[in-house]
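Please open the structure in your viewer and keep the selection tool at hand.

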Amino acid sequence: MITAEYLECVGLGQIARKVDHGERLSREDGMLLYEHPDLNAVGYLANQVRERLNGNLAYYNVNQHINPTNVCNKFCKFCAFYRTPRDSDAYALTREQIQARVREKLHEPITEIHMVGGVNPDLPLEYYLDMIRAVHEVRPSVHVKALTMVEVADFAQRTGRSVEAIVRDLKDAGIGSFPGGGAEVMSARLHRLLFPKKIDFHGWLECAKTAHRLGLKSNATMLYGHVETTEEKVAHLLLLREAQDETGGFMTFIPLAFHPENTKLDYLKKATAAEDLRNIAVARLMLDNFPHIKAFWIMITPRVAQIALSYGADDIDGTVTTEEIVHAAGAETSQSLSRRDMVTLIMEAGREPVERDTLYHSIGIDALRAPASPAPRA
Ligand code: V47
């Protein structure tokens, strides 16, 4: 058992006291939490915050992923999904194809459609506005969580209009919120090295804060397990915490484990489960103003996501149907799970499943809580 004496003994006494009193942790605390040899002690502290904020609840949703295009002009070194227009498997879905994808799943109780893809210079803003309208024509009440700040900034740049005007257009078309991707790790060094064609973190934060001021919520991610340093990860968390102090518009933080296969960084090894848990735990402790921390089962496997529910996470994302971006980079998890699987995963981890919508409103009492077969292994 981890006791106050033990935490004192291993040099975590001061952080434990801050956690106990709900005090904000410093940059130095973040560094120590990342580098401390006892992951379980770090997880124990994160679990205290997790249970204070979210009790025994663990959230999931029923969602569908649609990637409108794989053509991208950003050429990020960590990405295996993008294609150039000349590649034989390059695509951009038409409005009819998008509607067909939505129609295919109409029998499923999907509440969210998650739409991200490449930054395709041939697709104008109007394509995306129409894409959102097209989804709602088929499924009027679904929440469309779409695009990232990278696309928003790109539209502003291409059209010569303000970020605010672009966000207003997207809102008028029916966008519900923004997913978290695009900032990767907020470091000028990593920006130069891995994704120099994308907006830098100043631009990403400005777009996110603009969206929040216009009443749209968003998520935030951090891509870890490549060539980032601990200092860079702690700085990323602090920048997000500062932005959240200003706007309160972030819903959840999602650490994303880098998958190297088919990328320009394919010589790197995939992050270990211990690193996955560490990133979740440190995020929970540092991001004291984020209501939720998500363990995205697709990235870290359902098994590690279950453990993460005791290391700071209170959300495991959704049924997903059908993930393509990380699977292009060698993810071995399945591309979707059923609603029953999500409930079983959470219950096996000793938590209480809550189906949520994108904005974390709970969707009734879960009728699926009866015991079921064991959760899937991959
Ligand atoms: O920004 C790209 C990441 C992100 C790889 O908001 C990779 O609920 C690992 O943002 N290995 C896009 N990661 C996905 C994203 C997301 C995912 C799930 C939920 C939410 C949410 C948002 O995917 C990109 C990038 O960081 N990514 N390639 C790769 N090889």
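This is a predicted model: local features need pLDDT of at least 70, side-chain atom pairs count only at pLDDT 80 or more; totals for chains, interfaces and linings use all residues.

**First stop: the cavities**

Rolling a probe the size of a water molecule over the atoms shows where empty space is left. Here the count comes to 3 cavities of 30 Å³ or more. The largest cavity holds about 780 Å³ of space. Select Val116, Gly181, Glu184, Leu256 and Ile325, which are the closest to its centre among the 42 residues that line it. Next, colour α7 (149-159), β6 (217-224), β7 (250-257) and α14 (325-328): these are the elements that each give two or more residues to the lining of the largest cavity.

**Second stop: helix α7**

Of its 11 residues, 8 are buried, so α7 is largely enclosed by the rest of the structure. To display the buried residues of α7, select Met149, Val150, Glu151, Val152, Ala153, Asp154, Phe155 and Ala156. Which elements cover them? The cover includes α6, α8 (163-173), β5 (177-178), α10 (201-213) and β6. Just after α7, select glycine 160, which takes a positive phi of about 70°.

In soluble globular proteins, nonpolar side chains tend to be buried together. The largest nonpolar core in this model has 115 residues, and Leu33, Leu170, Leu240 and Phe253 touch the most other members. Helix α6 (residues 125-138) gives the most to this core, with 8 residues. Now centre the view on phenylalanine 253. Not counting residues up to four places away in sequence, the residues that phenylalanine 253 touches include Ala220, Thr221, Met222, Leu240, Phe290 and Ile293. His236, His292 and Lys294 are also among them.

**Last stop: asparagine 63**

Select strand β2 (residues 63-66), where asparagine 63 lies. Is asparagine 63 buried or exposed? Asparagine 63 counts as buried because its relative accessibility is 0%, and the cut-off for buried is under 20%. A polar atom of the asparagine 63 side chain lies 2.6 Å from the backbone nitrogen of valine 320. Leaving aside neighbours within four places in sequence, asparagine 63 is in contact with Ile110, Glu112, Asp317, Gly318, Thr319, Val320 and Thr321.

Definitions and conventions:
Residues are numbered from 1 along each chain as its sequence is written. Side-chain values use heavy atoms; hydrogens and water are left out. On a 1 Å grid over the protein atoms alone, a cavity is a set of points where a 1.4 Å probe fits but cannot get out, and a pocket is an open set with protein on both sides within 12 Å along at least five of seven lines; lining residues have an atom within 4 Å of a point. Grid points are joined across faces, edges and corners, and a volume is the space filled by probe spheres set on the points. Helices (H or I, at least four residues) and strands (E, at least two) are DSSP runs, numbered from the N terminus. A nonpolar core is a set of buried Ala, Val, Leu, Ile, Met, Phe, Trp, Tyr and Cys residues joined through side-chain atoms within 4.5 Å. Buried means under 20% relative accessible area, exposed over 50%, partly exposed in between (1.4 Å probe, protein chains only). Contact means heavy atoms within 4.5 Å. A polar contact is a pair of N or O atoms within 3.5 Å; within protein, one must be able to donate a hydrogen and the other to accept it, and residues adjacent in sequence count only if both atoms are side-chain atoms.
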